[in-house]
Amino acid sequence: MIVALTRDVSPRIAECELTFLERQPIDYARAAAQHAAYERCLAAHGCRVVHIEPAPELPDGVFVEDAAVVLDEVAIITRPGAESRRAETASVARALERYRPLRRIAAPATIDGGDVLRAGRTLYTGRSARTNDDGIEQLRALIAPDGYEVIAVDFRGCLHLKSAVTQIDVHTLLCNPKWIDPLPGFEMIAVDPAEPFAANALRLDDSIVLAAEHVRTRAILERRGYAIEPVATSELLKAEAGVTCCSLMVEVL
């Protein structure tokens, strides 16, 4: 069984941190409705949605992926690169401790979960404005006893590594080739150039969750035989988010 940990959208989401996007008005009610539809999508594909305690005072609190890296044996509680987001981790840790032993990234290291792409026992970890070299080294040390490898990855043009690339099956990555170079050993499928943020996709049991706004990239994937589950994310996209950002997936045996 997969538990999907999620958190409600904050009424203050319009105050979210932004790096590569210009600030736009965000309709809170619409964002909340889109997030609820996202949760229903996860549940329809067999996930048990579990809510982390609300944090209405934290504008970015809905983006729970950044607060932790969940592995089979352990969960790593991160130290987010944006100081305003560090208060998010305590409640995420309380939710995760029911399912995994916890280890923690310590200052001065910073790391966001959105910069960590897991492929089997390898964690590709992006250097970014939110994840520094100390964070990558601490992650490597924390998970080495469990047999995981950390490979540092450089990318450009976007906030998190998972904005540039995500895994859509064992051998295949969806990517924006303007933002990241090919990763050895994988087939790389490029997003449509008109949809630079479309590389953020969430693989579920038999489908790929993709922002409904990315219709051209959806067509590319469907021509390759992938089943696509579109979810509307227009308001969340304005907060520099994607479909992986809004959940932490925990396999429970």
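## Working through a predicted model

In this predicted model, β15 gives the lining of the largest pocket its largest share, four residues. The exercises below start from there.

**Exercise 1.** Describe the lining of the largest pocket: which residues lie nearest its centre, and which elements give two or more residues to it?

*Solution.* Start with the space itself, which has a volume of about 940 Å³. Next, take the lining: it has 31 residues, and R118, K162, L202, R203 and M249 lie nearest the centre of the pocket. Now sort by element. β3 (68–70), β6, β9, β12 (202–203) and β15 each give two or more residues to the lining.

**Exercise 2.** Decide whether Q167 is buried or exposed, then find which backbone oxygens its side chain reaches.

*Solution.* First place the residue: Q167 sits in strand β9, which covers residues 165–169. Its relative accessible area is 10%, and the cut-off for buried is under 20%, so Q167 is buried. Then look at the polar end of the side chain. One of its polar atoms lies 3.2 Å from the backbone oxygen of D169, and the side chain also reaches the backbone oxygen of V170, at 3.1 Å. Last, check the wider surroundings. Leaving out residues up to four places away in sequence, Q167 touches L117, R118, A119, T172, L173, F186 and R203.

**Exercise 3.** Find the largest nonpolar core and say which element gives the largest share of it.

*Solution.* The core to look for has 23 residues, and those with the most contacts inside it are I13, Y38, L42, F63, L202, V209 and L236. Its largest share, four residues, comes from α1. Another core, of 17 residues, lies apart from it, with V3, V64, A93 and L248 among its members. To go on with Y38, list its contacts beyond four places in sequence: L202, V231, V243, C246 and S247.

**Exercise 4.** Work out how many residues of helix α2 are buried, and what covers them.

*Solution.* Go through residues 89–96: six of the eight are buried, so this helix is mostly covered. The buried ones are T89, S91, V92, A93, A95 and L96. Now ask what lies over them. The cover includes β1, β3, β4 (75–77), β5 and β15.

**Exercise 5.** Two spots in the backbone deserve a look. Which residues does the cis peptide bond join, and where does E240 lie?

*Solution.* Against that, A107 and P108 are joined by a cis peptide bond, with omega about 10°. P108 belongs to the loop between β5 (102–104) and β6 (116–119). The other spot is E240, whose phi is positive, near 65°. E240 lies in the loop between α6 (234–237) and β15 (248–251). With a relative accessibility of 10%, E240 counts as buried.

**Exercise 6.** Place D8 in the fold and list what it touches.

*Solution.* D8 is in the loop between β1 (2–6) and α1 (28–44). Its relative accessibility is 41%, so D8 counts as partly exposed. Past the residues up to four places away in sequence, D8 touches H35, H51 and V62.

Key: Residues numbered from 1 in each chain as written. Predicted model: local features only at pLDDT ≥ 70, side-chain atom pairs only at ≥ 80, totals over all residues. Heavy atoms only, no water. Buried < 20%, exposed > 50% of the residue type's maximum accessible area, 1.4 Å probe, protein only. Contact = heavy atoms within 4.5 Å. Core = buried A, V, L, I, M, F, W, Y, C linked by side-chain atoms within 4.5 Å. Polar contact = N/O pair within 3.5 Å; in protein donor to acceptor, adjacent residues only side chain to side chain. 1 Å grid on protein atoms, 1.4 Å probe; cavity = no way out; pocket = protein on both sides within 12 Å on 5 of 7 lines; lining within 4 Å. Points joined across faces, edges and corners; volume = space filled by probe spheres on them.
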